[in-house]
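Hello! Here is the structure I promised to pass on to you. Have a look at it first, and then read on for what turned up in it.

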Amino acid sequence: MRPASEAELSETIRGAGGPLRVVGGGTRGPGNLPGVALETGGLAGVRLYEPGALTLVAGAGTPLAEVEALLAGERQRLAFEVPDLRQLLGREGVSTLGGVAAANAGGPRRVQAGAARDSLIGLRFVDGAGHVVKNGGRVMKNVTGYDLVKLLAGSHGTLGVITEVSLKLQAMPEAETTLIAEGLDDATALTRLRAALGTPYDVSGAAHIGGRTLLRIEGLEGSVAYRAGALRSVLGGDWVLASRAESAALWRQVRDVAPFAGAAGAIWRLVVRPSAAAGIVAALPGARAVYDWGGGLIWLLTEARADVRAAVAGHGHAMLIRPLPGMTVPVFPAEAPAVAALSRGLRAKFDPRGILNAGVMG
Amino acid sequence: MEMPLPDPSVLSRRAAIVAGLRAILPGDAVIDDPAETRAYECDGLAAYRCAPLAAVLPRTTGEVAAVLAFCHRQGVPVVPRGAGTSLSGGAMPTADCVILGVARMNAVLETDYDNRFIRVQSGRTNLSVTGAVEAEGFFYAPDPSSQLACAIAGNVAMNSGGAHCLKYGVTTNNLLGVTLVQMDGTVVELGGPWAETAGLDLLGVVCGSEGQLGVVTEATLRILPKPEGARPVLVGYASNAVAGECVSDIIKAGILPVAIEFMDRPCIRACEAFAKAGYPDCEALLIIEVEGSPAEIDEQLTRIKAIALRHNPVELREAADEEQARRIWLGRKSAFGAMGQINDYMCLDGTIPVSALPHVLRRIGEMSAEFGLEVGNVFHAGDGNMHPLILFDANKPGDLERCEAFGAEILKLCVEVGGCLTGEHGVGIEKRDLMGVQFEAADMEAQMAVKDVFDPRWLLNPAKVFPLEISAGRRAG
Ligand SMILES: Cc1cc2nc3c(=O)[nH]c(=O)nc-3n(C[C@H](O)[C@H](O)[C@H](O)COP(=O)(O)OP(=O)(O)OC[C@H]3O[C@@H](n4cnc5c(N)ncnc54)[C@H](O)[C@@H]3O)c2cc1C
């Protein structure tokens, strides 16, 4: 099913006799879900773009690439650097804004600019009973009523089908430089990254990937040159600099977890206290790691079929992004009972029949 | 302002309820003497007052949980309170409520510079959070003008902003986790000292829920390394429209100042008379501040000045040193005080798309004449959050009502041009009855459904945010 309007979508949901599987571009959502496919492609198109106010409003089915191209024309972009996980997950198709919002996507720049939730300033959605709801708006500062935008961001299609999003944008920087160190062990590399994030030099990327340790700075030419120099002297050791296009290519690899694309094994996404990262990985023999966010995000590749969550306990949480065939470990971590009760209560309110992406989040 | 009638069954059990609270808390933590409960009868929206049944000042999450569980069993409404600086009446009591104040819960629980967070009890004031980490070169970014007094509890409840949120975001963008006590006494941990949660973003919806979903007792906050320095420029223009274009051009040029503040002529004149900051007498004044090392500041200001000059300013002044920077900010920082010097004032807080600025200021000027009340505008221009200050005389019969009617018209105008009723002060009781201007019934129903889940009996701060007629059935239950 592919409703052509929000009203039609509402009708479709009201009339649904069973589970629905919400599909944007099919590039990042959960794989095999029960139910009839409900596509958002008919709800596409940019409805408002004001470069001088850094705001964009577009239908949820609008392809991400189309928006990125439009913004690039004005030298603007989405701040949160959406990962392209198609290679990693073995998917095809094109990402849509709705999917990006529902998954609360966020790439390396999260350390500086947050994830999708932090750029989302408004949205419209149709809940599981067919009610059309709007929340937030098209202005950057808005505390009118509850922030359902945050609740829907990262709800993976379970509370409602997002039909329109409003986003705060960012200007593209004039310059970008990456500092690269080679051959540091994980613990040393991550210590350097955390130290860099604790300086006033406005680091916008801090990753350790394939034996290389990367720090990104963005901004005006003179400022980037100054901060690169300052970071090198504060951190010590050998750092070489990568220029603009070369730098951008490095961060695409981090963003998309390129080293794990096509590699066999289960893939986990761990969000943790950065200082615990190296220890967590060391406790999982045989696992390979890509570290982002100064260690706050670990992409883990492992042949093991077991749950890695015991290693993370108390330091954060883990999501199973790509299971091995036949693995029975839950995708999402279990919530504490009282928190689970609240989540369950919200699902029951917003989707009383439990038909939207049923069971996705556990 | 209409408030629901107090529950007679609660009022009649007053003595037993107070005794019950005394059994839970140490003696000095329960206040029921009318001479003392008066201290809690209003918040920063001082036009509306009502003494609570009692006030309690617990010291721990455990005590908060015990108080809430007790009130839940007794069916007593609870109004959480931080420092009481809300400008929307969010912490205003009803006669049948217990005020739960977190002012005594102000400890720093953990500072972790390596992972860049601090965990505090929620009664700690905003400024003292920065105070706790600045020796190590860090700060907590959201900086409401009330930061000396307001508590993190209120900041979380209101999702408060500040002068520097153009670069650093508002509370929700800097909040990593909370300890929340639900009305029935259940304690939940939401988020933690890591970047995001895995399940539904309950933390995201608690932030900005105006004390209606639970009582926040602890908060984990992101702290940031302090920038090397900051410097403002002041630019005066002969027209609001031109000043608006200048702001838009700076943003389009890809420069990100930490603050762009805008003042209109009535406000400039009031500030000048009050603080003598040496502002030019013009229609619109911008204060633009950038951060970084001296060379980085020069680089940014060179571009900003070039843009500003293209629009023919009547004055452009860059701070050459700390003292000049202080003078540039002096007038802006004393804006509220300056307006208060002239008369009583009401501070509004709508947000508009930046492009609508000239139109909105023109309409406000026309309405000012119609209502016969003066208004001055201060405005976080980078993000469209405006603070019209309407002057009135509280001692003149009818003036407050006229002022409120004028305020309501301004907020409706904000919504009409694509903005919203409140950018940072919250709905409270002040904008409660205007919610229908911005939202359809289904929009509010969805928000109330969240409260139904967290607080099924609607005992927490129940008469706020949603128009009384639409929340009536729920509150009664
Ligand atoms: C002079 C002045 C300037 C101001 N400037 C700004 C500004 O620049 N930016 C801005 O955003 N605001 C500003 N404000 C408004 C106000 O300071 C903020 O809303 C602030 O966050 C309120 O904090 P508080 O501790 O005083 O909260 P209170 O006024 O005590 O309460 C505010 C709300 O929070 C709820 N609450 C309090 N404690 C808890 C808790 N523990 N758990 C759950 N809910 C709770 C209350 O029920 C109420 O709804 C200003 C106010 C004044 C008086």
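Chain A and chain B bury about 6100 Å² between them, and carbon and sulfur atoms give 59% of that area. Please keep in mind as you read that this is a predicted model. Why quote an area at all? The accessible area lost when the parts come together is often used to give the size of an interface. Counted by residues, the contact involves 71 residues of chain A and 86 residues of chain B.

Next, chain A by itself. Together they bury about 770 Å², with 73% of it on carbon and sulfur atoms.

You will find A:Glu6 in helix α1 of chain A, which covers residues 6–15. Which side chain joins that of A:Glu6 in a polar contact of 2.8 Å? The partner is A:Arg124. Setting aside neighbours within four places in sequence, A:Glu6 is in contact with A:Leu43, A:Arg124, A:Val126, A:Val132 and A:Thr163.

Now over to chain B, which is assigned four domains: domain 1 (8–102), domain 2 (108–225), domain 3 (230–336) and domain 4 (343–416). Domain 1 and domain 3 of chain B have C-alpha centres 44 Å apart.

The ligand is next. Domain 1 and domain 2 of chain B each give at least three residues to the shell around the ligand. There are 32 residues around the ligand, and those that come nearest are B:Pro80, B:Gly82, B:Thr85, B:Ser86 and B:Ser146. By type, the shell has 13 nonpolar, 16 polar and three charged residues.

Which elements of chain B each supply at least two residues of this shell? They are β3 (78–81), α6 (152–158) and β10 (215–222). The element that gives the most is α6(B), with five residues.

Some distances are worth checking on your screen. A backbone N or O atom of B:Ser86 is 2.7 Å from an oxygen atom of the ligand. For B:Gly90, a backbone N or O atom lies 3.0 Å from a ligand oxygen atom. A polar backbone atom of B:Glu210 is 3.3 Å from an oxygen atom of the ligand. Overall, the protein covers 93% of the 970 Å² of accessible area that the ligand has on its own.

Happy exploring, and do write back with your questions!

Conventions:
Residues are numbered from 1 along each chain as its sequence is written. Chains are lettered from A and ligands numbered from 1 in the order in which they are written. This is a predicted model: local features need pLDDT of at least 70, side-chain atom pairs count only at pLDDT 80 or more; totals for chains, interfaces and linings use all residues. Side-chain values use heavy atoms; hydrogens and water are left out. A residue is near a molecule or strand if one of its heavy atoms lies within 4 Å of it. A polar contact is a pair of N or O atoms within 3.5 Å; within protein, one must be able to donate a hydrogen and the other to accept it, and residues adjacent in sequence count only if both atoms are side-chain atoms. Accessible areas come from the Shrake-Rupley method with a 1.4 Å probe; for residues, only the protein chains shown count as cover. Helices (H or I, at least four residues) and strands (E, at least two) are DSSP runs, numbered from the N terminus. Ala, Val, Leu, Ile, Met, Phe, Trp, Tyr, Cys and Pro count as nonpolar, Asp, Glu, Lys and Arg as charged, and the others, Gly among them, as polar. Domain bounds come from an automatic or database domain assignment. Contact means heavy atoms within 4.5 Å. Buried area is the accessible area (1.4 Å probe) that two parts lose on being put together, summed over both.
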